[in-house]
Amino acid sequence: MQAYLTLTRRELGSFFYSWIGYVVIAGAVFLMGLSFVILLGRLAGQPTMIPITEMFLSLCFWLILLFSAPIITMRLFALEKFSGTFETLMTAPVSDAGVVLAKFTAALIFYMLMWLPLLGCLFILRYFTRGTNLTEPGTLASTFLGIFLVGSLYMAAGCFASALTRSQIVAAMISFALGLALFLAGYLGDQLAPDKTWQVEALSRIAILEQMKDFAKGVVDTRHVVFYLTSTIFFLFLTCRVVGSRRWK
Amino acid sequence: MMIEVSNLNKRYAGKTAVSDLSFEVEQGEVVGLIGHNGAGKSTTMRILSCFMPATSGTARVAGLDVFTQADQVRRRIGYMPENNPLHPDMRVREYLKFRARLKGLSHSRSRERVDAVIAQCGLADVSKRIIGQLSKGYRQRVGLADALVHEPELIILDEPTIGLDPNQIRSVRQLIKELGRRHTVLLSSHNLPEVEMTCNRVLIMREGRILAADTPENLHKALGRSGHVVAEIAAPLEELKNCWEQMAEVADYNIAPTEGEYYRCSLTAAPGQDLRPRIFALVVERGWQLRELSRVRLTLEDVYIRLTRPESEEEVI
């Protein structure tokens, strides 16, 4: 436990030692600000029945998720393998699973920190729309739960990609490809919609876009929650296997 | 017994790195592992430090199996890998604190130990600097401090002085010598004089096997049987040649003129013979001038080259 906490702290700190952390946050804040402006324009134009969180997320969420996940996770293992510190790390009294979990946790915490400005935007809206029920605390909570769950899946996939290689660029590309594939799978399900075969059914289960819309509406569907948790665990398990593969290579 | 390795094998895809390796290291010994690149030194150290398991055979550290009891073994080992990888973005004290905590030391204990290793390794002046900006010598000391921070019983150092300048090598060597008083040390090196100076025992490796394992002195004795002697004598050249031809103990000789009337004679003695008293007696008898008489000792380097030369393999065993 102590090793896990120590490692998580160090990993989290390393986002801020280098400029990468600041650049990612700056990029995300820019996109959030942009969609905030667009949102205000729309709200000023006409009345709407759609929850504000859903409108907000439909604008920039995907861009931020798809691009930030590879950048956040690419250095987790690849850099350590490249610089050789992986050897000093793995010869300390820590378990493979402990290392993977610590790195994953640090990435996820950083990812959630990156989303904090969204909270600021929503509070501003809430302040100026007093008396309306545009931003209910429940909806807000479920939105952030959705962001957290989708993020954990993407961070786990990124960990896996980073563990595969010594090159951060390659890790980022694998992670981006994985993320994009997951994201597009839902669209594929929509395209094949007319014939209700089991493939279509399966694809629609990983329609991340639709599921995120549910979260943003304030609907917490346990099927979605279970999907994200199990797929996160699946990718973390794969990462552990890759990290342990030095034993039988 | 601190390290017991028996019949250790390690194969990477299609290549044997270590084959049927067996050796033992007693508690408190400083043992040097020398050999060519690719002789299996780093692989042996990686197996001992539980980074990867062997293909077959067993290795035990302090009586614990490195594969099945890896966690306990890791707590007893301080390992510094080749090229001494560090986190260049961290500060020295911060890095050592991080490593101490990672190795399971409590907050107060880690603070104590970090202070102790910073003093021990001479890092006090740079403890607040960023590791990436330090000179190579200081970085090497940070690596050593990391290996020491949890007070391990066994310290494994993979090429601790590679790439350092002579002054830095001297200070790191001094540090290792001091470590040898309280810990068991296993180090690998290309630098033979260093091994000779710091280690009680030397293991010479080639192609994943141990060719010789002994103290530097014994290795000298075993291989230094043909002693070389250099004598500078002022005498007529013909007479000198005749003397060496007739002396039964001289196996081979070579004469070269030097400044003045002196000739420099390099003599190879027959096995087990010391030529020096004979030469002295000869010079006195003939009334010549002698201004140098010395035995050329084989350095460990010569021993090493002899051992790792393929044709001399049978001589060793």
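Leaving aside neighbours within four places in sequence, Glu11(A) is in contact with Arg75(A), Leu76(A), Glu80(A), Lys103(A) and Ala106(A). Please bear in mind from the start that this is a predicted model. Glu11(A) belongs to helix α1 of chain A, which covers residues 2-17. Is this glutamate buried or exposed? Its relative accessibility is 1%, and Glu11(A) therefore counts as buried.

Met49(A) sits in the loop between α2 (20-45) and α3 (52-73) of chain A. With a relative accessibility of 81%, Met49(A) counts as exposed, because the cut-off for that class is over 50%. Between the C-alpha atoms of Met49(A) and Phe61(A), which are 12 residues apart along the chain, the separation is 20 Å.

I turn now to chain B and its strands. Strand β7 of chain B, residues 154-158, is mostly covered, with five of its five residues buried. Which residues point which way from this strand? Leu154(B), Ile156(B) and Asp158(B) point one way from β7(B), while Ile155(B) and Leu157(B) point the other way. Which strands pair with β7(B)? Strand β6 of chain B, residues 77-80, is joined to β7(B) by four bridges, and the two run parallel. Strand β8 of chain B, residues 184-189, also pairs with β7(B) in the parallel sense, over five bridges.

The individual partners can be followed across these strands. Gly78(B) stands opposite Ile155(B) in β7(B), and Met80(B) has Leu157(B) as its bridge partner there. Leu157(B) in turn has Leu187(B) as its bridge partner in β8(B). In β6(B), Ile77(B) and Tyr79(B) point one way and Gly78(B) and Met80(B) the other, and all of them are buried.

In the loop between β7 and α6 of chain B lies Glu159(B). Glu159(B) is not a glycine, yet its phi is positive, at about 50 degrees. Most residues other than glycine have a negative phi. At 5% relative accessibility, Glu159(B) counts as buried. Helix α6 of chain B also contains Arg182(B), which is exposed, with a relative accessible area of 64%. The C-alpha atoms of Arg182(B) and Asp89(B) are separated by 32 Å, and these residues are 93 residues apart along the chain.

Another positive phi occurs at Ala62(B), where the value is near 50 degrees in a residue other than glycine. Ala62(B) is placed in the loop between β4 (56-61) and β5 (64-65) of chain B. Its relative accessibility of 29% makes Ala62(B) count as partly exposed.

Next, a helix of chain B. Does the length of helix α4 of chain B, residues 107-120, agree or disagree with what it should span? At 1.5 Å a residue, its 14 residues should span 20 Å, and its end C-alpha atoms are 20 Å apart, which agrees. The buried residues of α4(B) are Ser110(B), Arg113(B), Val114(B), Val117(B) and Ile118(B). Seen down the axis of α4(B), these buried residues fall within an arc of 135 degrees, so they line one face of the helix. The background is that an α-helix has 3.6 residues a turn, so residues three or four places apart point the same way. Among the elements that cover the buried residues of α4(B) are α3 and α5 (136-148) of chain B. After α4(B) comes Gly122(B), whose phi is positive, near 65 degrees.

Finally, confidence. Chain B has a mean pLDDT of 84, and 92% of its residues reach 70 or more. Where pLDDT is low, the predicted coordinates should not be read in detail.

Definitions and conventions: Residues numbered from 1 in each chain as written. Chains lettered and ligands numbered in written order. Predicted model: local features only at pLDDT ≥ 70, side-chain atom pairs only at ≥ 80, totals over all residues. Heavy atoms only, no water. pLDDT = per-residue confidence, 0-100. Expected span 1.5 Å × (residues − 1). Buried < 20%, exposed > 50% of the residue type's maximum accessible area, 1.4 Å probe, protein only. Arc of directions from axis to C-beta. Contact = heavy atoms within 4.5 Å. Pairing = 2+ DSSP bridges.
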